[in-house]
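Try each task before reading its solution.

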Amino acid sequence: MSSFTIGYFLGQVLGNGFVLFVFYAILETLIFKRIFDDPVKGKLTAAAAASAVMLFIALAATVRPGFEAMRIVSVLMASLLVSIYAWRRGLKVRARQADVGQTFE
């Protein structure tokens, strides 16, 4: 791989990560925060739904068939990063809710 290809791939991962994070934030705020009582489940479900939307967009926007693998891998790497972020945030919110619940009992 040349340095241009690696740089292009990292740019794709960062760009996909930004768009995926925006999709995640919108879905989590508008839909999944109201559906799930457990913050970890809500945040991970929002990340999975945003990843599915991004994969659909990436596959629908394919112009050159040989370029699909790199695009799919970059979306999957970005979704892994956003999922880890969502999981950690969910754990922090769950711990904060447990502390508040113990304080008022």
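**Exercise 1.** Are Lys-43 and Glu-28 buried or exposed?

*Solution.* Keep in mind throughout that this is a predicted model. Start with the cut-off: buried means under 20% relative accessible area. Lys-43 comes out at 10%, so it counts as buried. Glu-28 is buried as well.

**Exercise 2.** Work out what the side chain of Lys-43 pairs with, and which parts of the chain that pairing ties together.

*Solution.* Next, look at its side chain, which meets that of Glu-28 in a salt bridge, 3.2 Å from N to O. Now check where the partner is. Glu-28 belongs to helix H1 while Lys-43 belongs to helix H2, so the pair ties together parts 15 residues apart in sequence. To finish, list the rest of the surroundings: leaving aside neighbours within four places in sequence, Lys-43 touches Tyr-24, Glu-28, Ala-86, Arg-89, Gly-90 and Val-93.

**Exercise 3.** How many salt bridges does a search of the whole structure find? Describe the one made by Asp-38.

*Solution.* The search turns up two. Asp-38 meets Arg-94 through their side chains, at 2.9 Å from N to O. This pair links distant parts of the chain, with Asp-38 in the loop between H1 and H2 and Arg-94 in helix H3 (residues 68-104), 56 residues apart.

**Exercise 4.** Check whether the length of H2 agrees with its residue count, then name its buried residues.

*Solution.* H2 has 22 residues, and at 1.5 Å a residue it should span 32 Å. The C-alpha atoms at its ends are 31 Å apart, which agrees. As for burial, the H2 residues that qualify are Pro-39, Val-40, Gly-42, Lys-43, Ala-46, Ala-47, Ala-50, Ser-51, Met-54 and Ala-58.

**Exercise 5.** Which residues form the nonpolar patch on the surface, and where does Ile-31 lie?

*Solution.* Pick out the members: Phe-18, Val-19, Val-22, Ile-26, Leu-30, Ile-31 and Ile-35. Together they have about 640 Å² of accessible area. Ile-31 is found in helix H1, residues 3-35. Patch members need over 30% relative accessible area. Ile-31 has 39%, and is partly exposed.

How values were computed:
Residues are numbered from 1 along each chain as its sequence is written. This is a predicted model: local features need pLDDT of at least 70, side-chain atom pairs count only at pLDDT 80 or more; totals for chains, interfaces and linings use all residues. Side-chain values use heavy atoms; hydrogens and water are left out. Patches are made of residues with over 30% relative accessible area and no salt bridge: like charges are joined within 9 Å, nonpolar side chains (Val, Leu, Ile, Met, Phe, Trp, Tyr) within 5 Å. Accessible areas come from the Shrake-Rupley method with a 1.4 Å probe; for residues, only the protein chains shown count as cover. A salt bridge is a side-chain nitrogen of Lys or Arg within 4 Å of a carboxyl oxygen of Asp or Glu. Helices (H or I, at least four residues) and strands (E, at least two) are DSSP runs, numbered from the N terminus. Buried means under 20% relative accessible area, exposed over 50%, partly exposed in between (1.4 Å probe, protein chains only). Contact means heavy atoms within 4.5 Å. The expected span of a helix is 1.5 Å times one less than its number of residues.
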